[in-house]
Amino acid sequence: MSKQQREPGPEVKEMPEHHLAQVKITLDNPLRWVNSYVLRGDEGVTIIDPGPRTEGSEREWEAALTQLGITPGDIASIVLTHHHPDHYGLAGWFQARSGGRVWMSRRAHQEAMLMWGPNSAMETALPSLFRLHGMPEHRLAELPAHLKGFNAQVTPQPDVSFLEAGRPFHMGDRLWLPIETAGHAPGHLSFYDADRGVLLCGDAVLPQISPNVSLLPGSDEAPLALYLAGLRRLRELDVRTAYPGHRNPFTHFRERIDALLEHHEERLAYIAGLLREAGQLTAYEVCTALFGDSLGIHQLRFAMCEALAHLAELARRHNARVAEGTGGALYFTVSD
């Protein structure tokens, strides 16, 4: 597939060997599409990660359901691997149309409320965090409108039932084991069918890109440590086919995890080298050294949160320390 954004319209691929269908829902950002999965069973149809709510995604789903011969009344469950809008957003819309139950982990729902709940303070908390770590005011000014832009993608919010990690869950006439990890998203669930060696892995492991690992105000304080621990736990599974949230199904599961583990260790070493060479850097200076200074606000938010996650991990390992500089901004230096 070319790097150009694909034409609007549903791409539906039946996977009869694993009794599921892959539905590609278009995204505007560089990810290009999110994978939703459809499983049929005596208990009804289960839709996993329906995607963000936009006019385009609604049209794509109407066409995909027609292609699959599914009516809204057939949908019994909407299952969410995690709370990000490109996975969670249409859950309430589907629930209103079908009456189906929406399932996710309790921790993932807490994070959804942190981001978009009625008491969310993220529109002020995130700029405050970024300001403390050196982001210039003209970029900070872009954040509130950017964050507000996600509200339409997750409205209406669903009424949620909670899945428990380690307690098998019935989808598509078989039992799946929910496995909870964190780092990319608190409370992220992957679903494992040990008999077939199949893992619905959401964004925990992606075949071609490194899942974003973000430090956010009010959320997990050591997201990268949690992400690496989750990867090592997933690596123990006998996975013959992994169905990810982005890009296409893949079979090199352990090799991909090894590459992700190596990638993050190399990035930590590189950042430590930057700090050693410069003497001291703000997180924003580390961010621009890693990702450049011409990112749009959407990608800059992810890049800044990822830089903070790596710096927090260096500090947790006692390889870096943080100090307050002139004007109250925070700087990172290598530990003695």
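Helices (H or I, at least four residues) and strands (E, at least two) are DSSP runs, numbered from the N terminus. Welcome to a predicted model, where local features need pLDDT of at least 70, side-chain atom pairs count only at pLDDT 80 or more, and totals for chains, interfaces and linings use all residues. Residues are numbered from 1 along each chain as its sequence is written, and side-chain values use heavy atoms, with hydrogens and water left out.

Let us begin with two helix pairs. Two packed helices are described by the angle between their axes and the distance between the axes. Axes are lines fitted to C-alpha atoms, for helices over the stretch in contact, and angles run from 0 to 180 degrees between N-to-C directions.

| Helix pair | Angle | Axis distance |
|---|---|---|
| α5 (residues 122–132) and α11 (residues 297–316) | about 60° | 12 Å |
| α8 (residues 223–235) and α9 (residues 253–278) | about 155° | 10 Å |

Angles under 35 degrees count as roughly parallel, over 145 as roughly antiparallel, 65 to 115 as roughly perpendicular and the rest as oblique. The helices α5 and α11 are therefore oblique to each other, while α8 and α9 are roughly antiparallel.

Now to Q22, which sits in strand β2 (residues 20–26). Q22 is buried (under 20% relative accessible area), at a value of 2%. Its side chain makes a polar contact with the side chain of N35, at 2.9 Å; such a contact is a pair of N or O atoms within 3.5 Å, one able to donate a hydrogen and the other to accept it within protein, and residues adjacent in sequence count only if both atoms are side-chain atoms.

How values were computed
Buried means under 20% relative accessible area, exposed over 50%, partly exposed in between (1.4 Å probe, protein chains only).
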